[in-house]
Amino acid sequence: MAKTGILIETENNGVKETSLGVMAAAAGTEIHALVMDGDAAAARETLAAHGAAVVVDMAAGKTVQSPDQAAAALAAAAKEYGLTAILGTASAIGKDIFARAAALMGQPLASDILGLDLEQRTVKKSHFSGKTLATLRLDADIFLCTVRPNLFEPAQAQAEGALAAFDPGVADAGGVKVLEVKKGDADTLDLTEAPVVVTGGRAVNAAENFAMLDACAAKLGAAVGASRAAVDAGFANHAMQVGQTGKTVSPRLYIACGVSGAVQHFAGMKTSKVIVAINEDKDAPIFAKCDYGIVGDIFEVVPRLTEKL
Amino acid sequence: MKIFVCVKHVPDTAATIKVAGEAGYEEGGVKFVSNPYDEFGIEEAVKTVEKNGGEVVILTVGKAGAAATMRGAMAMGAHRGILVKTDTQFLDPALTAQALKAAMDQDGLGDMVFTGKGSVDSESFQTQYCLAAALGVPVANEVSALSLGEGKAVAEQETGGGDKQVLELSLPCVIGATKGLNEPRYPKFPDIMKAKKKELREIDIADLGIDLSQGRICLETLEIVPERSGAKMLEGDTDAQIAELVRILREDEKVI
Ligand SMILES: Cc1cc2nc3c(=O)[nH]c(=O)nc-3n(C[C@H](O)[C@H](O)[C@H](O)COP(=O)(O)OP(=O)(O)OC[C@H]3O[C@@H](n4cnc5c(N)ncnc54)[C@H](O)[C@@H]3O)c2cc1C
Ligand SMILES: Nc1ncnc2c1ncn2[C@@H]1O[C@H](COP(=O)(O)O)[C@@H](O)[C@H]1O
C-alpha cells in the first residue's frame, strides 16, 4: 500500500480538526501521522482512530525551530519511511512549510487543493479567484499538497497507530531565524479552522459595532471575519480579513452581514457549505450567489438572531 | 542597492473568465494588470532605493503584452525592466523560477528580490520559494512589515488566530509581499510619460536555456465554477425570517 505522510497540526496538545480532515483525504493509503510541534504520545489515540498506521514523533529531538528546518524534517521523514505523498493543511504555516519542502526536494506542489486523486496524481484547485476549477497532474516522485481547511470531514477509521520516534537531524537552521512569536488574543478562534464564520462588511460602520458580531459568534462557536472594506476602514483587524487578500475559509456555515459579495471576497469563502447573507439591499449581488438571504438592517437582524440561537 | 521585483502579468481579478478548449481561456476582452500583491513589492523596492539609493529592476516572464504591465511598474518608480518572453499560459512555477534566476544571473545579482504572496490566476504560491532555492538564499512569504538592517532583513507575517511571527533573514533574500506592507502609489501623469522612455529589454525564454518540456505541473482541464443558483429569500417579518432561518440551519442543513 502506498505510504502517505500527514503533517499534523496541534493546539493545546490536541490534534486540530482540520488535520483529521486531511487524514480523511488520504484514506486508502498507509498513513504516517507526522507530529512535529506537539505531544505525539498524547495525540496517538486520536490519530489511530482516524486512520494513522504510524504516529511519528518528530518533536522529541526539538531540532525543528525554523520553517526551513520543518521543511527539511518533512524531506527527511519522506526518505526514512518511504513516503510517496505528504499532505498538510493549507493554513498560513502549512502553506509555507510545504512550499519550502517542495523547493528543497525539487518536487512540484499543489497549494490549497479542493480535491485529489492520489493514484492518478491529480488535484483540483482554484484558478482565477475561485471562478474556475483546474485539474492539475503532478509529475512527482513525492506528491506534495496542502488541503483547504475543513473541506474534508474527519472520518473514523481505526488503525494501529504505532508510535515511532524519529529525529530528523536538521541542525542547520538555514538563513531564516524566528525572532519572536507574538501571540494574539488567546480567545480568538483561528478563522481558517473555525467550523462557523460570521463576517461583517462595510455596513458594520465602526470598530465597536463588531461587538454585535462577537456576541452572535460566541453563541455559534464561530470566528469573526471581515471584508476588506471593513478592514480598510479600520473597523476590523487585518488578521480578520476574508477573501483573496486575506484568509481562505471553508466553514460549514458562513454568515455574511452587510457584505456586498465581491468576487475577491468570494474567492476566500466560496467553498463554505452553507452561505447566509443579511443585507438591507434586496438587489445586493451576494443574494445571487448564496444559499439563504434575509433582507434587513444588520443592526436589527443580528441581535435578534443572536437571541434566537 | 539593486532590487529585483518579480511581477506577473495577470487578468484583473474582476474580469469574467471564459474557458476555451480543455484548459485555456479567452484572452480577448480581458483586462490584464500586474498581479496585485506584486505591487506591494514594487512599492517597497522603490521606497527602499528612494531612501538608500540604487535601482529597481522589474522582471516578468510572460507574453509580449506584459510589456504594458511592466510600464505601469516603471511608472511607480522602477528604473528598468526585463521581459522573458514565453507564449505558455500556465508555466510550471519551477520553470518560471529558473527563468527568473537565469535573467538575474545575466543581469548581475541583486541585493534583494521582491515577489507577491501568490498570483491571482494560477494561485500556485510557490514561485518565490523555487526562486529562493535556486538562488540559494532565504525566503519569507506573506510579509506585511519589513525593516532592513546591516546585511539582514526583519520581516513580520501573520500566522493565524491573530498570531504574528517575526523572522530574521540574511541578505540577499526573497520577500513575498502582501497587504499591510505599504500603500502602493498611483503613478502621476508625468511618471507615466517618463516610464515610456525607460529601458525594457526582452529575452526569449529559450535563449535562457529553459526547456519548457521539463514542466512537472500539467494543467489538464479548466472549468467554470457555477455560482450558487441564488438565495432562498426568507419571508415574513424579521422575527419570522429569523425563526425560519434558525430552523433551516438546525433541522435541514444541520450546521448548527
Ligand atoms: C486585488 C483585490 C483583492 C481584494 N481582496 C479582498 C479580500 O481579500 N476580501 C474582501 O472582502 N475584499 C477584497 N477586495 C475588495 C472587494 O472588491 C470589495 O471592495 C469588498 O469586498 C467590499 O466589501 P463590503 O462588501 O464590505 O463593502 P460594500 O461593497 O460597500 O458592501 C456593503 C454592503 O452592505 C450593505 N449594507 C449597508 N448598510 C447596511 C445595513 N445597515 N444593514 C444591512 N446591509 C447593509 C450594502 O447594501 C452593501 O451591499 C479586493 C479587491 C481587489 C481589487
Ligand atoms: N511569470 C512570472 N513572472 C514574474 N513573476 C512571477 C511570475 N509568476 C510568478 N511570479 C512571482 O511569484 C509570485 C508567486 O506566484 P505563484 O507561485 O504563481 O503564486 C508572484 O506574486 C510573482 O511575484
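Which residue takes a positive phi in the hairpin of β7(A) and β8(A)? That residue is A:R121, with a phi near 60°, and the hairpin has four residues between the strands. Everything here comes from a predicted model, in which local features need pLDDT of at least 70 and side-chain atom pairs count only at pLDDT 80 or more, while totals for chains, interfaces and linings use all residues. Residues are numbered from 1 along each chain as its sequence is written, chains are lettered from A and ligands numbered from 1 in the order in which they are written, and side-chain values use heavy atoms, with hydrogens and water left out.

Five of its six residues are buried, so β8(A) is largely enclosed by the rest of the structure. Buried here means under 20% relative accessible area, exposed means over 50%, and partly exposed is in between, using a 1.4 Å probe and protein chains only. On one side, β8(A) runs antiparallel to β7 (residues 109-117) of chain A, joined by four bridges; two strands pair if DSSP finds at least two bridges between them. A:L116 has A:V123 as its bridge partner in β8(A). Strand β9 (residues 132-138) of chain A is also antiparallel to β8(A), this time with six bridges, and A:H127 is partnered there by A:T132. β8(A) and β9(A) form a hairpin as well, with four residues between them, and A:F128 in the turn has a positive phi of about 55°.

Further along chain A, A:V295 lies in strand β17 (residues 292-295). Its C-alpha atom is separated by 32 Å from that of A:H127, 168 residues apart along the chain. A:V295 counts as partly exposed because its relative accessibility is 34%. Leaving aside neighbours within four places in sequence, its contacts (heavy atoms within 4.5 Å) take in A:N279, A:E280, A:K282 and A:F287, along with B:M233 and B:Q241 from chain B.

Ligand 1 lies between chains A and B. It has 25 residues around it, and A:R202, A:S227, A:V242, A:S260 and A:Q264 come nearest; a residue counts as near if one of its heavy atoms lies within 4 Å. As for polar contacts (pairs of N or O atoms within 3.5 Å; within protein, one must be able to donate a hydrogen and the other to accept it, and residues adjacent in sequence count only if both atoms are side-chain atoms), a side-chain N or O atom of A:S260 sits 2.6 Å from an oxygen atom of the ligand. For A:H265, again through a side-chain N or O atom, the distance to a ligand 1 oxygen is 2.8 Å, and a polar backbone atom of A:G246 is 3.3 Å from an oxygen of ligand 1. Taken alone, ligand 1 exposes 980 Å², and the protein buries 80% of that. Accessible areas come from the Shrake-Rupley method with a 1.4 Å probe; for residues, only the protein chains shown count as cover.

Ligand 2 is surrounded by 19 residues, the closest being B:D38, B:V61, B:S119, B:F125 and B:T127.

Helix α4(B) has buried residues of its own, namely B:Q128, B:Y129, B:C130, B:L131 and B:A132. These pack against α4 (92-105) of chain A, and against several elements of chain B, including β1 (2-6) and α3 (93-107). After α4(B) comes B:G136, with a positive phi near 70°.

Elsewhere in chain B, B:T48 is placed in helix α1 (residues 36-52). B:T48 counts as buried because its relative accessibility is 11%. Overall, chain B has six helices and 15 strands, and 54% of its 256 residues count as buried.

Terms used: Helices (H or I, at least four residues) and strands (E, at least two) are DSSP runs, numbered from the N terminus.
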